[in-house]
Number of protein chains: 4
Amino acid sequence: MTLNIALFGAGRIGKVHAASIKSDPRAQLVAVTDVMAQAAQALAAEHGIEVMTEDEILADASIDAILIAASTNTHADLIERGIAAGKAVFCEKPIDLDLQRALKVRASVAASGKPVMMGFNRRFDPNFATLKAAFDAGEIGKGELLSVTSYDPAPPPVSYIKVSGGLFRDMMIHDFDMCCWLFGLPAKVTATGSCLVDPAIGEAGDVDTAVVILHYADGRLATIRNSRRAVFGYDQRLELLGSDGMLSVENQLETTVRKSTTAGVSSAKPQLFFLERYMRAYETEWAAFLDALTNGTAMPATVQDGVNALALAEAANISLKEGRTVTLTAEMTGGAP
Amino acid sequence: MTLNIALFGAGRIGKVHAASIKSDPRAQLVAVTDVMAQAAQALAAEHGIEVMTEDEILADASIDAILIAASTNTHADLIERGIAAGKAVFCEKPIDLDLQRALKVRASVAASGKPVMMGFNRRFDPNFATLKAAFDAGEIGKGELLSVTSYDPAPPPVSYIKVSGGLFRDMMIHDFDMCCWLFGLPAKVTATGSCLVDPAIGEAGDVDTAVVILHYADGRLATIRNSRRAVFGYDQRLELLGSDGMLSVENQLETTVRKSTTAGVSSAKPQLFFLERYMRAYETEWAAFLDALTNGTAMPATVQDGVNALALAEAANISLKEGRTVTLTAEMTGGAP
Amino acid sequence: MTLNIALFGAGRIGKVHAASIKSDPRAQLVAVTDVMAQAAQALAAEHGIEVMTEDEILADASIDAILIAASTNTHADLIERGIAAGKAVFCEKPIDLDLQRALKVRASVAASGKPVMMGFNRRFDPNFATLKAAFDAGEIGKGELLSVTSYDPAPPPVSYIKVSGGLFRDMMIHDFDMCCWLFGLPAKVTATGSCLVDPAIGEAGDVDTAVVILHYADGRLATIRNSRRAVFGYDQRLELLGSDGMLSVENQLETTVRKSTTAGVSSAKPQLFFLERYMRAYETEWAAFLDALTNGTAMPATVQDGVNALALAEAANISLKEGRTVTLTAEMTGGAP
Amino acid sequence: MTLNIALFGAGRIGKVHAASIKSDPRAQLVAVTDVMAQAAQALAAEHGIEVMTEDEILADASIDAILIAASTNTHADLIERGIAAGKAVFCEKPIDLDLQRALKVRASVAASGKPVMMGFNRRFDPNFATLKAAFDAGEIGKGELLSVTSYDPAPPPVSYIKVSGGLFRDMMIHDFDMCCWLFGLPAKVTATGSCLVDPAIGEAGDVDTAVVILHYADGRLATIRNSRRAVFGYDQRLELLGSDGMLSVENQLETTVRKSTTAGVSSAKPQLFFLERYMRAYETEWAAFLDALTNGTAMPATVQDGVNALALAEAANISLKEGRTVTLTAEMTGGAP
């Protein structure tokens with residue numbers, strides 16, 4: 001049986017998901033909706049599907065699951081409306097910029113028992129997934145020190161920064177999830193940050209360069225480094241030091257070409273940005289959603305995972321503002337883990 | 001206007017091409033044919049297209065182009081029948097195992113004026129293409145010494161070896177084409193080869209390990225190393241030494257994960273085989289065919305290119321058999337370059 | 001004119017310095033002293049020099065400079081006695097484990113006007129020196145985020161830990177100096193640390209795994225990661241993200257051999273420990289001392305540098321103990337910078 | 001007991017050897033001789049030793065061994081005079097440019113029973129030595145295809161080319177030895193070569209770019225690539241494909257610094273030339289000579305090894321001149337192996 005999927009959001013990331021849906025025979029895209037009518041129509045035309053309204057989609061009993069790739073401020077409502085309509089939900093991160101709102105979604109989803117997956121794409125990157133498998137298999141013993149490097153090639157427009165929820169909720173949220181995924185939920189958060197890239201970002205009340213330390217109850221440590229600008233490309237690396245060795249993920253380069261001249265040996269830059277770097281992750285996460293759905297198994301990235309990452313962002317914001325280490329409370333995470 | 005494409009051959013490589021056709025809006029796959037009826041039906045079902053006979057395809061005026069991915073012994077006939085039917089042709093390499101037959105195809109194609117492209121996929125690999133662009137832009141000055149490394153992960157069954165035309169025509173033909181693509185047609189060929197991997201390959205009259213030197217009229221040299229077995233994966237590298245530097249293409253690895261333990265630092269193996277390693281090349285070569293077709297420009301890999309590579313394989317076979325350097329004649333290449 | 005040098009300390013590091021002295025024609029080793037008479041005699045025999053007492057050395061007017069490679073607790077006294085005796089001094093780091101004592105030495109040296117160099121060997125490592133030269137030349141624009149990775153292959157005996165002054169003063173002091181060398185003196189220090197490697201280290205009141213963040217007045221950030229155990233070898237790396245790019249120093253490996261098998265591609269481990277990794281740095285720092293001495297120019301690593309690194313270690317200890325960010329005061333650094 | 005060593009030749013390579021002798025307590029340099037009196041005096045002054053004539057050295061019974069680092073045309077005579085005088089001999093490669101003369105030296109040495117070692121330094125490079133140890137330990141199974149890359153950074157003056165004996169005897173001789181060391185003596189040689197770097201080299205009757213294939217009796221193959229010019233530095237690599245994997249030696253780079261900018265990721269060049277690249281090899285080969293001498297064990301690089309490499313160079317010259325594959329005869333190697 002093929003699952004019928006409706007897509008909310010026909011933008012850049014919606015198109016990526018539409019292609020993923022197309023490539024897996026277990027599902028078919030049947031409808032798309034977007035506040036930008038033109039975008040919805042273009043995507044519908046390309047895929048030979050219908051443009052529908054949100055209400056029509058939710059009311060359509062033939063639609064099994066919805067994929068939410070609309071703007072962040074719609075996520076919480078759409079998840080709740082989707083599960084209320086009896087549909088499985090795949091939602092791009094974050095649940096919401098507001099932790100309290102996210103906690104309510106968490107409660108709704110828990111009460112509904114419906115399958116909901118958060119699109120933490122990095123978990124499905126073959127590099128990070130291979131590292132996690134090796135770590136879980138004990139190849140480097142007990143984990144001790146985790147280090148995530150995550151630099152964007154260039155800052156987004158300041159207009160975006162203003163509605164982004166800030167670096168911790170908009171950008172570092174992925175890195176928080178990576179730490180939770182590999183090490184679990186930390187006990188405390190220490191955040192530092194500066195505005196070094198563009199003064200306009202600082203004027204908008206945000207930082208563009210930040211280092212966060214996560215303290216685990218058993219003494220393990222994790223660090224996350226973020227910058228809104230690495231002119232050489234999208235820098236996405238990870239290192240995990242353990243008692244018996246170290247695992248690391250290096251950047252994927254645009255090509256494997258090397259040039260040796262009197263100036264030295266030069267190689268390609270990292271792949272430019274998330275669509276290139278995480279293309280395979282986007283494909284794989286969709287397959288993982290269908291796997292869990294068709295097998296009735298647990299989702300590989302849950303609403304609780306979304307809450308956890310958001311709670312860490314919240315803690316980091318408090319830490320940065322108040323210049324102190326912040327202890328994560330059960331209230332912040334809904335009692336987890 | 002969308003071009004209607006018919007696919008000859010529903011095997012492994014035919015499926016890859018079917019996916020490429022699907023992903024480019026300028027063309028649509030409308031029919032498939034295969035001597036294995038079941039294979040044709042499966043592919044047809046997946047793509048929602050018709051199974052037709054070869055004759056039906058060639059007689060169907062609505063079909064603009066054919067893509068030949070059937071077994072090698074059908075290539076020459078199908079190219080000639082395709083152009084005779086007024087169709088554009090994309091054909092997997094080689095034209096034929098017999099150089100004389102290939103030369104006849106060359107003449108037929110030249111007479112017809114129809115666009116025919118040979119599927120020398122490596123030319124479209126982003127790594128090799130980037131290297132060539134840098135070389136053509138003069139970034140390492142004048143080319144002097146070209147070295148192609150091309151090892152398969154494991155030998156094919158001996159049953160395949162027996163009908164393959166031998167290592168030079170079956171495997172090194174790609175590397176001959178790379179040399180022609182970068183350096184043009186050489187003047188002389190010196191071939192060496194041994195049976196080291198599997199005695200059965202030697203009993204079948206073939207070699208499994210070979211080194212060939214191409215001598216250019218102006219003194220440039222190229223070497224090609226082939227082995228039917230590199231247990232660590234598909235080893236596809238190239239080095240080009242020039243007067244002002246060197247360009248090289250390294251292997252693409254399965255992941256960028258590294259593990260550091262007391263045993264050393266280990267990283268991933270090269271991507272296993274041609275479908276993985278050259279996936280992007282397969283996609284790109286099809287786009288290049290459509291580019292040339294829709295723009296009416298020259299094909300980026302021609303029947304003459306196919307003849308040249310085959311002539312080098314022929315010369316290598318003679319060199320190996322007679323233990324001498326063989327001079328390439330105009331007769332062998334149809335007068336080219 | 002050849003400078004006459006006396007060596008204090010005939011242990012492992014003393015032997016390294018003796019070899020450096022031997023290899024530079026501008027100086028000659030004339031005497032050695034050590035509380036372990038046997039060690040002094042062995043070194044003296046190998047170099048054909050005399051064993052003298054400390055007093056004899058300091059009283060000998062023919063001795064131009066002393067090289068202090070004795071145990072840490074002797075450094076402060078020997079520096080002060082050396083300059084009082086009119087000698088130039090090269091002293092292994094640290095000045096002293098006690099910041100107040102170090103500040104007194106700083107005052108004594110300033111008052112004496114005698115040339116004193118601290119052996120911060122990493123500044124002379126060709127890799128770090130090349131990075132600094134490129135950074136100072138503006139090759140990556142303005143510095144923003146500095147990251148130092150410094151893991152030892154294995155922890156020292158707990159007996160050593162107990163007298164070491166703790167991880168920040170014993171091990172991270174080198175990394176503090178690297179940050180000061182590249183970025184200057186920071187404004188604030190946030191330190192975290194855990195005992196993960198060996199419980200006995202924790203029982204001795206120390207940590208074995210630590211992450212420190214240095215906050216600069218202008219918003220720049222630096223992080224230092226330390227572990228007493230990286231089983232794969234001595235991990236010494238550095239990354240400097242700037243407005244126009246990034247500079248990094250990778251590990252030096254034992255060999256450049258790579259092995260590709262079905263298990264993957266493996267390469268050598270980092271050079272095992274400081275004597276191997278920084279051999280060239282030890283040679284170069286001695287030459288730099290002689291350069292400054294013979295040219296009358298400023299020492300490339302001063303007592304003030306030693307005080308600064310120690311003040312950062314002190315601040316890190318307070319930060320770790322009190323769980324807060326510590327602001328560096330003029331009192332802690334003697335008013336510097 | 002310390003061995004007394006006399007050095008023949010106070011040039012660049014003589015100085016390197018003098019330093020090696022100095023660093024090993026089992027031997028001491030006692031005399032130097034050179035046709036350039038000034039060079040001999042400078043080296044003697046630096047080391048506090050005597051300048052002697054060749055005759056004085058050979059007549060001095062207190063001298064245990066001679067180290068021949070004088071010009072190539074003196075080697076054969078000095079080896080023979082050295083063993084006749086009862087001395088152990090360490091001689092830089094080659095024995096002589098003339099194979100017949102080398103064969104006579106071989107006979108003289110064999111008759112004398114005196115220990116003579118040829119300075120094939122690459123055997124003692126830690127990278128190549130590690131590769132050989134792994135290969136001999138069976139880590140990649142049976143060897144099949146060996147590839148040596150050896151490019152100089154820049155051609156020597158044409159005046160040197162004229163007396164060098166040609167590329168095969170002057171430059172590729174090292175690579176011939178590497179092949180013999182790893183794979184033993186081949187059965188046949190196919191050589192190609194061109195003058196691409198500097199027409200003056202061609203006018204002097206030599207080539208500057210060459211590819212040679214060595215054919216082993218059991219089918220194994222080896223290739224050697226030489227160029228007199230790789231503008232990016234001294235390119236010294238080796239690859240050995242075996243039945244169970246591949247071992248390779250990569251270049252040693254000047255530093256481990258990497259710079260990532262909008263232009264790409266650049267790293268350092270290979271170490272410039274043989275003195276830098278093989279510094280540790282020079283030290284180790286001398287230690288190996290002393291090991292063999294003091295233990296009475298076989299020399300790790302013999303006069304027979306020197307003859308073998310020279311015979312391969314001779315065969316390559318014939319192959320290049322006559323455009324055919326040349327079979328190595330027992331006469332060419334003195335009956336070896």
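The following paragraphs describe a predicted model, beginning with a recorded domain and then turning to the chain interface and the cysteines. Residues are numbered from 1 along each chain as its sequence is written, and chains are lettered from A in the order in which they are written. Local features need pLDDT of at least 70, side-chain atom pairs count only at pLDDT 80 or more, and totals for chains, interfaces and linings use all residues, while side-chain values use heavy atoms, without hydrogens and water.

An unreviewed UniProt entry places the feature "domain: Gfo/Idh/MocA-like oxidoreductase N-terminal" at residues 3-120 of chain A; such annotations may be inferred rather than shown by experiment. This span is 45% helix and 24% strand, taken as DSSP runs (helices H or I, at least four residues; strands E, at least two).

Chain C meets chain A through 37 residues on each side, contact being heavy atoms within 4.5 Å. About 2800 Å² is buried between these chains, with carbon and sulfur atoms giving 64%; buried area is the accessible area (1.4 Å probe) lost on putting two parts together, summed over both. C:Glu144, C:Leu196 and C:Arg225 supply 18% of the area that chain C buries against chain A, more than any other three residues. Six salt bridges cross this interface, each a side-chain nitrogen of Lys or Arg within 4 Å of a carboxyl oxygen of Asp or Glu. One of them joins A:Glu144 to C:Arg229, with the closest N and O atoms 2.5 Å apart.

There are zero disulfides over all chains, a disulfide being a pair of cysteine sulfur atoms within 2.5 Å. The sulfur of A:Cys179 has its closest cysteine sulfur in A:Cys180, at 7.0 Å, too far for a bond.
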